[in-house]
Amino acid sequence: MPIQYYIYLCLVLFSIGIIGVLTRRNAIIVFMCVELMLNAVNLLLVAFSKMHHAAALTLNPAATTGIEGQLFVFFIMVVAAAEVSVGLAIIVMLYRNTHSVDINFLNRLKN
Amino acid sequence: MSKLVFLVPLFPLIGFLANGLGRRFLSKPAVSIIGCGAILASFVVSLVLFFDVKANGGGTSTLFNFISVDNFSIPFAFQVDQLSSLFLLIITGIGFLIHLYSSAYMHEEEPQHFGRYFAYLNLFVFSMLLLVMGANYVIMFIGWEGVGLCSYLLIGFWFKNTNYNYAAKKAFVMNRIGDLGFLLAVFWLIFRLGTVSYGDVFANVSKLSTADITAVTTLLFIGAMGKSAQIPLYTWLPDAMAGPTPVSALIHAATMVTAGIYMIARSNILYTLAPATQTLVAVTGLATAVFAATIALKQNDIKKVLAYSTVSQLGYMFLGLGAGAYTGAVFHVMTHAFFKALLFLGAGSVIHAMHHEQDIRKMGGLKKYLPITHITFLLACLAIAGIPPFSGFFSKDEILVAAYAKNPLFYYIGVAGALMTAFYMFRLYTLTFLGNFRGTHEQEHHLHESPWQMTFPLIVLAVLSVLGGFVGIPELFAANAHSLEHFLEPVFAGSNAVAEHHHPEASQEWLMLAGSTAAIVIVIVLAVRLYKNYQPKEETSAGLSKALENKWYVDELYDALIVNPLNALAGFLKNVVEKSGIDGIVNGAGRLVGYGSRQLRLLQSGQVGNYILVMVLAIVVFILIWFNDATITRFFSKIF
Amino acid sequence: MSTTEILFYFLSALAVFSAIMVLVSKSPVHSVLWLIVVFFTISGHYVLLNAQFLAIVNLIVYAGAIMVLFLFVIMLMNLNTQTEPQKHIWMKLAGVISGGCFLMVLISLVRQAGDMQGKTALMKTGNIGLIGNLGKALFQDYVVPFEITSVLFLSAMVGAVVIGKK
């Protein structure tokens, strides 16, 4: 597949994630949109890894070029898992304190 | 000779520094000795210089380079020639006498003010010496400003009196107006000739067009108007009488106010080549002479009479300058310095005896209490009135004869002024010294002759007033007897070569002399008879005399024409332009920032969503800029 | 049109549709379920790109662990109500417009980019995504980062417990 298709797909998914972050007030939905953006980036990384691999294979059939991209995705998943655990803990704490998950309550940055 | 020149101003400068810095430590006698000694030393050096000049002619000596820009330079140089050496003698000689007089006159002051007084006085002498010794207009200007400053400081010497401060300020501001003219003239000379040294300017005077010379001389004359108190800038001088009386004698009679005459005499070639300015000088001088004399007729303050008399006599000097009688003007400066200093010092002696009473209506009959003062004052009055053979007769006569040569009308008006001079001087003399004492008994009880420090200068000056005229005996009396003219000849040689001198017929001159002298004697007798048995009475003067008492309402006229409009303009600028204009801009800028900040602060809502929104938009904008930088650069290069 | 292409388009369309449904669903639970669908489609893409390891890990970690965590949190808070506070309509519009601008700008950028012309991603073939090759690379060249991630996990776990206990 031409690489542009993957780029477009990932851009669309990423933008949907952004729009979600911008339009929703529920902290959990916002958080899920962040996950969506992360996945869009992951997909693009894999596609690029395969693109580079395809380019390298024409020169050397035994090449492993592009494997770093997939390893990168692996590490992103690891970090995402850690992030989600901490993030959800924060949301739980927020809910416990305010009985709401509305991010508009998170306006302490003003002061 | 040149080795000694710098000593002349150096001594007063040292005296100024010593008295000024040490006024809290030095005792009064020490201050007097330093102050008088410095001037005496200057006087001795001046005498040496004078005889040197007389024998060998003048010269310039350069101390250092004062200003040097590209190929234009102003050396700090002193020029001692016949004219300046004569002035040196007048300044240091009379200056010494007045310092001596001051040491007694001011003895009631506290030590530190006593020191301050002598410091100012020494600084004044230093500045005045710079003024007359400078070899170019810039050095003269330094001295010019220096004497203006000292005049200001000394008029306002008793600074606790607000009116005295106003008088000081008035003198300073009036002088500044004239100084601007002087300064412009100097700039004009630099612009046209590239030099300000007297020698260079006078040698290159042919390079200047007549318009240039007329402009320069007129501007210089404006400077002289301010410093020498001529119409329209004369009003500061009567007010300057707020200062101590010796100061009036030294600064406002003998020396500083003659700076304008010195300057014009120094620039005589320029004035000779500018007949229009000469006429202006003559007319202004004549007008001032008569105008001030009329005011002096009705003044009752002993110092005010003398002040207007000074203005009037200065007017005569300018008349002489305008008529081309430079020697006559300088001659009159000299004799006037003698008798006017004497008059002021005599007045000071009277005031001293009367415990600071200055109103002549409350005096009278002082003849028997103050014999020395009385005799010297009388001699000075005779001198100023122009009775032969006192000094004033010769100098005034020389000026009036020259005025006749220029225009007979000038002569007749001048003689009328001289008659008024005789009248008001003898009115003053009669009211002060003759008749009965009109003051309080307490004052009468305390009347006493002044100490020797005050009477000695009076006697010396009286001798000079009587004999001073004999250096300038006119050709009419004896051939080649006018030694002053011969002495000053090198200075005015250029002018004498250009201008033709036509003396009136000898017989006519005799007639003029006899006529004016007779008239003056008649006027004197009239004045003495009129005021001999004067008793103060409640009189409401009206008409002309009221106008005279109020000095022709000139101060009021200036207030109405200049001061009030300026105040109104200043008030307008302060209340309208400043408040709503400038303050408006400043406060508006502040308010704009404050308002903008309040509005901008709303952007910081603390809402995470808003922040992210702005972030996304910013990313979009940054990407657009990053990938369209060529377009943007082209866009901006088109704009700018 | 080959099977691969058909699958690509199908998965792409499904992914975009599901992502939009995540946004527009009123109920958080529905959003979670639609997000799981997105993750499944992305795993399908991984498979198409012959990255089986990542496809499986994606399913296990995201669709399995993370989304279950989300569901648990939602159920814990009992958020399955329709009373979620809505943003102001203008804020929503602004968000959509700015997101759209972002998308337009980036797409136009990609269309202009010369680097991308004629490049293709290798489909179905290529063995770098296989677990053996990845494992070799991971435990030979990237063993230190791999071990450090375990420390990261540990700290995240401790953090989650500490925050949750307050």
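## Chain B: contacts and burial

In chain B, 81% of the contacts with a separation of 6 or more are between residues 24 or more positions apart; two residues are in contact if their C-beta atoms, placed from the backbone, lie within 7 Å. Chain B has 640 residues, of which 50% are buried. A residue counts as buried if 20 or more other C-beta atoms lie within 10 Å of its own, as exposed if 12 or fewer do, and as partly exposed in between.

The model is predicted, so local features need pLDDT of at least 70 and side-chain atom pairs count only at pLDDT 80 or more, while totals for chains, interfaces and linings use all residues. Residues are numbered from 1 along each chain as its sequence is written, and chains are lettered from A and ligands numbered from 1 in the order in which they are written.

## Chain B: elements and a helix pair

Chain B contains 27 helices and two strands. These elements are DSSP runs numbered from the N terminus, with helices (H or I) of at least four residues and strands (E) of at least two.

Helix α14 (residues 275–296) of chain B packs against helix α15 (residues 302–322) of chain B at an angle of about 160°, and their axes are 7 Å apart. Axes are lines fitted to C-alpha atoms, for helices over the stretch in contact, and angles run from 0 to 180 degrees between N-to-C directions. α14(B) and α15(B) are therefore roughly antiparallel to each other, a term for angles over 145 degrees. Their contact involves 17 nonpolar, nine polar and no charged residues. Ala, Val, Leu, Ile, Met, Phe, Trp, Tyr, Cys and Pro count as nonpolar, Asp, Glu, Lys and Arg as charged, and the others, Gly among them, as polar.

## Chain A

Chain A has three helices and zero strands, and its elements run α-α-α from the N terminus on. Of its 111 residues, 55% are buried.

The mean pLDDT (the predictor's confidence in each residue, from 0 to 100) of chain A is 87, and 95% of its residues reach 70 or more. Among the elements of chain A, α1(A) has the highest mean pLDDT (91) and α3(A) the lowest (88).

## The contact of chain A with chain C

Chain A gives 58 residues to this contact and chain C gives 69 residues. On the side of chain A, the elements that give two or more residues are α1 (3–23), α2 (27–57) and α3 (67–98). α3(A) gives the most, with 20 residues. By class, this side of chain A has 43 nonpolar, 11 polar and four charged residues.

Technical notes
Parallel < 35°, antiparallel > 145°, perpendicular 65-115°, else oblique.
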